[in-house]
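Have the picture open while you read.

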Amino acid sequence: MTESVKGPASYFPSIEKKYGRPIAEWKELIRSLTLTKHMELVSWLKAEHGLGHGHANALVAHTLAEESGK
């Protein structure tokens with residue numbers, strides 16, 4: 001039995017399907033920005049790329065968690 005994906009990563013399949021970019025590309029984009037605060041990054045993704053709040057939040061949360069080693 002496979003374990004279901006939980007947390008921010010559970011949004012990844014729908015993000016890729018809806019916005020047409022792989023998750024790795026979104027993470028690279030987030031890491032390339034000079035913005036560092038969670039909500040600044042979420043707001044940027046929403047304004048510049050039209051992501052919904054939940055999708056933007058999931059991408060930022062997962063990327064920042066990776067960066068901090070959590």
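Which residue just after α1 takes a positive phi? That's Gly-20, with a phi of about 70°.

Before going on, some ground rules. This is a predicted model, where local features need pLDDT of at least 70 and side-chain atom pairs count only at pLDDT 80 or more, while totals for chains, interfaces and linings use all residues. Residues are numbered from 1 along each chain as its sequence is written, and side-chain values use heavy atoms, with hydrogens and water left out.

Helices here (H or I, at least four residues) are DSSP runs, numbered from the N terminus, as are strands (E, at least two). Helix α1 covers residues 12-19, and in it Phe-12, Ile-15 and Tyr-19 are buried. Buried means under 20% relative accessible area, exposed means over 50%, and partly exposed is in between (1.4 Å probe, protein chains only). Those three cover an arc of only 60° around the axis, so they sit on the same side of α1. The arc is that of the directions from the helix axis to the C-beta atoms. Here's the general idea: an α-helix has 3.6 residues a turn, so residues three or four places apart point the same way.

Now look at the face turned away from the buried side of α1: there you'll find the exposed residues Pro-13, Lys-17 and Lys-18. And what covers the buried residues of α1? The cover includes α2 and α4.

**Where α1 meets α4**

The axes of α1 and α4 come within 10 Å and cross at roughly 120°. Axes are lines fitted to C-alpha atoms, for helices over the stretch in contact, and angles run from 0 to 180 degrees between N-to-C directions. The two helices, α1 and α4, are therefore oblique to each other. For the cut-offs, angles under 35 degrees count as roughly parallel, over 145 as roughly antiparallel, 65 to 115 as roughly perpendicular and the rest as oblique.

Which residues make the contact (heavy atoms within 4.5 Å)? On α1 they are Phe-12, Ser-14, Ile-15, Lys-18 and Tyr-19, and on α4 they are His-55, Ala-58, Leu-59 and His-62.

**Salt bridges**

A salt bridge is a side-chain nitrogen of Lys or Arg within 4 Å of a carboxyl oxygen of Asp or Glu.

| Pair | Distance, N to O |
|---|---|
| Glu-25 and Arg-21 | 3.2 Å |
| Glu-67 and Arg-31 | 2.4 Å |

Arg-31 is partly exposed at 39% relative accessibility, and Glu-66 is partly exposed at 38%.

Glu-67 also forms a salt bridge with Arg-31. Salt bridges that share partners join Lys-27, Arg-31, Glu-66 and Glu-67 into one network.

Note on methods
Contact means heavy atoms within 4.5 Å.
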